[in-house]
Amino acid sequence: MPGGRPIKKTYKQSYKGDLLLRTTSLIACLVLLAGMAQAATDTGKKEPEAPPPPPMPAADSPAAPEPEVTVVQKQDATVTEYRMKGKLYMMRVVPKVGKPYYLVDKEGNGRFNQMSDIGGDNLAPPRWVLLEF
């Protein structure tokens, strides 16, 4: 240090400061633990009970809208149309001769793809619209 002598601490001075810090920390921890123990044993105060949950909706009132189903009888086939909010998204065609098949609009653009069955590789997972602008 310019203009002065360096300060030397003796072992006793260092020990006293360390002892004071440890003692203060110990007292603070004991006070904190005593407060926590008092709060845990304080049974005179009861917290108000939570209100009961609202009742479940009735089974006959569905939460999600159901599709509108229209059956159209034609000369050579029966066509079942499935609409959601007025938009046609799937048709089931049962011809008089042959196997039934489905026409599904997977992307919602009005183009229908033919499927021989709904399951298997042709399985289309549900795509719900969360927000619409």
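This is a predicted model: local features need pLDDT of at least 70, side-chain atom pairs count only at pLDDT 80 or more; totals for chains, interfaces and linings use all residues.
Residues are numbered from 1 along each chain as its sequence is written, and side-chain values use heavy atoms, with hydrogens and water left out.

**View 1. Overall make-up of the protein.** The protein holds one helix and five strands, helices (H or I, at least four residues) and strands (E, at least two) being DSSP runs numbered from the N terminus. Along the sequence these elements follow the pattern α-β-β-β-β-β. Of the 133 residues, 11% are buried, where buried means under 20% relative accessible area, exposed means over 50%, and partly exposed lies in between (1.4 Å probe, protein chains only). The protein exposes about 12,500 Å², of which carbon and sulfur atoms supply 61%; accessible areas come from the Shrake-Rupley method with a 1.4 Å probe, and for residues only the protein chains shown count as cover. Among contacts between residues at least 6 apart in sequence, 2% join residues at least 24 apart, a contact being heavy atoms within 4.5 Å.

**View 2. The five-stranded sheet.** The strands form an open sheet in the order S1-S2-S3-S4-S5, with antiparallel pairing; two strands pair if DSSP finds at least two bridges between them. S1 and strand S5 (113-115) are the edge strands, each of them pairing on one side only. Neighbouring strands of this sheet are turned against each other by 20 degrees on average, direction ignored, with axes taken as lines fitted to C-alpha atoms (for helices over the stretch in contact) and angles running from 0 to 180 degrees between N-to-C directions.

**View 3. Strands S1 and S2.** Six bridges pair strand S1 (residues 68-73) with strand S2 (residues 77-84) in the antiparallel sense. Thr 78 in S2 is the bridge partner of Gln 73, and Glu 81 in S2 is the bridge partner of Thr 70. S2 is mostly covered, with six of its eight residues buried. Thr 80, which lies in strand S2, counts as buried at 11% relative accessibility. When residues up to four places away in sequence are not counted, Thr 80 touches Val 69, Thr 70, Val 71, Met 90, Met 91 and Arg 92.

**View 4. The salt bridge between Glu 81 and Arg 83.** Glu 81 and Arg 83 form a salt bridge in which the closest N and O atoms are 3.2 Å apart. A salt bridge is defined as a side-chain nitrogen of Lys or Arg within 4 Å of a carboxyl oxygen of Asp or Glu, and by this rule the count comes to one. Glu 81 counts as buried at 16% relative accessibility, whereas Arg 83 is partly exposed, with a relative accessible area of 25%.

View 5. S2 and S3 run antiparallel and are joined by eight bridges, with Met 84 standing opposite Lys 87 in S3. The hairpin of S2 and S3 has two residues between the strands. Lys 85 is found in the loop between S2 and S3 and counts as exposed at 71% relative accessibility. The phi of Lys 85 is near 55 degrees, a positive value in a residue other than glycine. Most residues other than glycine have a negative phi. Further along, strand S3 (residues 87-95) pairs with strand S4 (residues 101-104) in the antiparallel sense over four bridges, and Arg 92 stands opposite Tyr 102 in S4.

**View 6. The nonpolar surface patch.** Leu 26, Leu 30, Leu 32, Leu 33 and Met 36 make a nonpolar surface patch of about 540 Å². Patches are made of residues with over 30% relative accessible area and no salt bridge, like charges being joined within 9 Å and nonpolar side chains (Val, Leu, Ile, Met, Phe, Trp, Tyr) within 5 Å. Leu 26 has its place in helix H1 (residues 11-41) and is exposed, with a relative accessible area of 52%.
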